Amino acid sequence: MTLVTFIIPVRHQDNARDWKALTDKLQQTVASIAAQTHPDWRGIIVANEGADLPPLPEKFSVTRVNFPPNDMHELGKGGKDAFLDAFRFDKGRRVLAGMLDAKDSQFTMICDDDDLVSNRIVDFVSKSPDANGWVLTKGWVWNDGGQYFFKYDDFNHKCGTCLIVRRVLYGIPERFEDAEVEWIKSFLGSHHRIGPKLAAAGTPLGTLPFRGAVYRVGNAGSHSRAKGVIRQALLNRESLTQPHHFLRNLFRIHRIGDQHRQEFFNA
């Protein structure tokens, strides 16, 4: 039995604007995960047949799928609702494929392919092996390639890399074919819905007591196309019209130091 399995769903290669850029960031993500200070973990990348992947660290494996490209991958082709629905199904079925290959895992953490995670995650989980799991309400926002992190305290509403959940609580079926489409979209394709569903079922998640992940922004290949960290923090209407908000956000900006590099970049 593996304590924690990190599952990284990767979009179809035909949906990537720049596959080389995507895999470069994926390589940073897997290196970040591989820095865990506790050894009881594994990583699963879910990718289409034929997708060229970077060299992977020990403890990582690849689950290959044959899903077609997401025809509504780009926002605007069918409206926001249709875009989100298609995205949740495409991501959810990839997560399900990874979950089916993680049957020996106590906990799973679904990670976006360009985010970074703390090297303390598995060690923390090992101290509470009977928990339902945790939500990451606090994290960092990082402008791709930049020298600064921004403290973000509503992290689980911004970033998909925000849940550590006891695998059995998902109710994963034995076979892929037994999963209903709406369940795939709602429970595996959306990180916003899992916490409330688990709480309603009497198995609420706890709160991770430290900043456990980094959300990368300013990345041309991301679904969110989020703006850079400095612009988000300081060059917005709230900060520009209310000086106390400007100062508050200014003090949330931290230069990336050696401790951050060790914890999140495996450097």
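**Close-up views of a predicted model**

**View 1. Helix α2 crosses helix α4.** Helix α2 (residues 80–100) and α4 pack at an angle of about 90 degrees, and their axes lie 8 Å apart. That makes α2 roughly perpendicular to α4, a class that covers angles of 65 to 115 degrees (under 35 is roughly parallel, over 145 roughly antiparallel, the rest oblique). Axes are lines fitted to C-alpha atoms, for helices over the stretch in contact, and angles run from 0 to 180 degrees between N-to-C directions. From α2, the contact takes in Asp85, Arg88, Phe89, Gly92, Arg93, Val95, Leu96 and Met99; from α4, it takes in Val181, Trp183, Ile184, Lys185 and Leu188. Contact means heavy atoms within 4.5 Å. By type, the residues of this contact divide into 8 nonpolar, 1 polar and 4 charged. Here Ala, Val, Leu, Ile, Met, Phe, Trp, Tyr, Cys and Pro count as nonpolar, Asp, Glu, Lys and Arg as charged, and the others, Gly among them, as polar.

The model is predicted: local features need pLDDT of at least 70, side-chain atom pairs count only at pLDDT 80 or more, and totals for chains, interfaces and linings use all residues. Residues are numbered from 1 along each chain as its sequence is written, and side-chain values use heavy atoms, with hydrogens and water left out.

**View 2. The buried residues of α4.** Ile184, Lys185, Ser186, Phe187 and Leu188 are the buried residues of α4. They pack against α2 and α5. Buried means under 20% relative accessible area, exposed over 50%, and partly exposed in between (1.4 Å probe, protein chains only).

**View 3. The largest cavity.** The count comes to 1 cavity of 30 Å³ or more. About 70 Å³ of space lies in the largest cavity. Its lining consists of Lys91, Ile110, Gly160, Leu163, Tyr170, Phe187, Leu188, Ser190, His191 and Ile194. Helices α4 (181–188) and α5 (191–200) are the elements that give two or more residues to this lining. The lining residues divide into 6 nonpolar, 3 polar and 1 charged. On a 1 Å grid over the protein atoms alone, a cavity is a set of points where a 1.4 Å probe fits but cannot get out; lining residues have an atom within 4 Å of a point. Points are joined across faces, edges and corners, and a volume is the space filled by probe spheres set on them.

**View 4. Ile45 in strand β2.** Ile45 is found in strand β2. At 0% relative accessibility, Ile45 counts as buried. Leaving aside neighbours within four places in sequence, Ile45 is in contact with Ile8, Val10, Leu26, Val30, Leu53, Leu56, Phe60, Ser61, Val62 and Thr63. The C-alpha atoms of Ile45 and Thr63 are separated by 6.1 Å, with the two residues 18 apart along the chain.

View 5. Lys59 is not a glycine, yet has a positive phi of about 85 degrees. Lys59 sits in the loop between β2 (41–48) and β3 (60–65), and is partly exposed at 34% relative accessibility. Asn266, also not a glycine, has a positive phi of about 55 degrees. Asn266 lies in the segment after α9 (258–264) and is partly exposed, with a relative accessible area of 41%.

**View 6. The whole chain.** The protein chain holds 9 helices and 12 strands. Helices (H or I, at least four residues) and strands (E, at least two) are DSSP runs, numbered from the N terminus. Of the 267 residues, 51% are buried.

Methods: 1 Å grid on protein atoms, 1.4 Å probe; cavity = no way out; pocket = protein on both sides within 12 Å on 5 of 7 lines; lining within 4 Å.
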